[in-house]
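Subject: Handing over the structure

Hello,

Here is the structure I promised to pass on to you. Please open it beside this email and follow along as you read.

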Amino acid sequence: MFERLQQFLASLSGGDSKPSFAADDPRVAVMALCIQVMEADGKVLDIEKKALRDHFKELYSVDEKELEALVDAGADAESEAIDFFRFTSELKRELSEEQRVGLIGLLWEIVYADGERSEMEDHAIWRIADLLGVSGRERIMKRQEVAERVGASAGKQEPDEV
């Protein structure tokens with residue numbers, strides 16, 4: 001009902017308003033986590049932003065207008081969050097195990113968009129995976145898959161790889 005009202009109001013104003021996303025929309029949580037991982041190393045590069053946008057367009061079949069609204073909603077949610085738990089607790093309930101592992105793969109895609117990974121990015125994904133119930137083995141396998149595909153070095157061994 002509310003969505004129909006929004007559509008009606010948008011049609012009255014020419015329809016140029018941005019779509020909005022509910023705070024509990026899982027896509028907002030995924031976007032917020034992606035932004036947190038992208039910012040983990042202290043630098044956000046255009047290539048990382050492009051990778052994020054491209055993956056979201058493909059994953060969620062959103063148009064440019066919807067994508068902008070989703071990026072804005074994710075950035076707002078991320079700036080208000082004090083930790084990963086706000087997003088991971090929601091996603092752990094909403095997503096299947098396979099989807100949660102896929103999310104970890106998406107995070108590695110964002111990390112490797114610039115061809116390298118930092119210790120801070122590793123740590124962020126380790127925490128997110130742990131909170132999502134994704135095993136260390138699955139997290140590492142996803143990292144290695146993405147690194148191999150993009151031609152990046154998987155880097156030094158992590159303690160849980162030994």
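Below are some notes on what was found in it, beginning with the whole chain and moving on to single residues.

A word on the ground rules comes before the findings. This is a predicted model, so local features need pLDDT of at least 70 and side-chain atom pairs count only at pLDDT 80 or more, while totals for chains, interfaces and linings use all residues. Residues are numbered from 1 along each chain as its sequence is written, and side-chain values use heavy atoms, with hydrogens and water left out.

**The chain as a whole**

The secondary structure comes to eight helices and zero strands; here helices (H or I, at least four residues) and strands (E, at least two) are DSSP runs, numbered from the N terminus. Along the sequence, the pattern reads α-α-α-α-α-α-α-α. Of the 162 residues, 41% count as buried, where buried means under 20% relative accessible area, exposed means over 50%, and partly exposed is in between (1.4 Å probe, protein chains only). The accessible surface of the chain is about 9300 Å², and carbon and sulfur atoms hold 52% of that surface; these areas come from the Shrake-Rupley method with a 1.4 Å probe, and for residues only the protein chains shown count as cover. A contact means heavy atoms within 4.5 Å. Among contacts between residues at least 6 apart in sequence, 72% join residues at least 24 apart.

**Helix H2**

H2 is mostly covered, with eleven of its 14 residues buried; among them are Val28, Met31, Leu33, Cys34 and Gln36. What do the buried residues of H2 pack against? Their partners are helix H3 (46-60), helix H4 (64-80), helix H5 (85-94), helix H6 (97-111) and helix H7 (119-132).

**Salt bridges**

Side chains of opposite charge can pair when their charged atoms come close. The rule used here asks for a side-chain nitrogen of Lys or Arg within 4 Å of a carboxyl oxygen of Asp or Glu, and by this rule the count comes to ten salt bridges.

- Glu64 and Lys57 meet at 2.7 Å, N to O. Glu64 is partly exposed, at 38% relative accessible area, and Lys57 is partly exposed too, at 33%. Both belong to a network of salt bridges that links Arg53, Lys57, Glu64 and Glu68.
- Asp122 and Arg117 form a salt bridge whose closest N and O atoms are 2.7 Å apart. Asp122 and Arg117 are buried.
- Lys142 and Glu145 meet at 3.5 Å, N to O. Both lie in helix H8 (residues 136-150), three residues apart, which is about one turn of the helix. Lys142 is partly exposed at 22%, and Glu145 is partly exposed at 40%.

**Aromatic pairs**

The structure holds two aromatic pairs. Phe56 and Tyr60 form a tilted pair, 5.2 Å centre to centre with 45° between the planes. Rings of Phe, Tyr and Trp (its six-membered ring) pair if their centres lie within 6.5 Å; planes under 30 degrees apart count as stacked, over 60 as edge-to-face and the rest as tilted. Phe56 and Tyr60 are about one helical turn apart because they sit four residues from each other in helix H3. Phe56 is buried at 0% relative accessibility, whereas Tyr60 is partly exposed at 26%. Trp108 and Tyr112 also form a tilted pair, at 6.1 Å centre to centre and 35° between the planes. Trp108 counts as buried at 0%, and Tyr112 is buried at 3%.

**Two more residues to look at**

Leaving aside neighbours within four places in sequence, Glu109 is in contact with His55, Val146 and Arg149.

Asp63 is placed in the loop between H3 and H4. Asp63 is partly exposed, at 41% relative accessibility, and its side chain reaches the backbone nitrogen of Glu66 at 2.7 Å.

Enjoy exploring it!

Best wishes

How values were computed: Polar contact = N/O pair within 3.5 Å; in protein donor to acceptor, adjacent residues only side chain to side chain.
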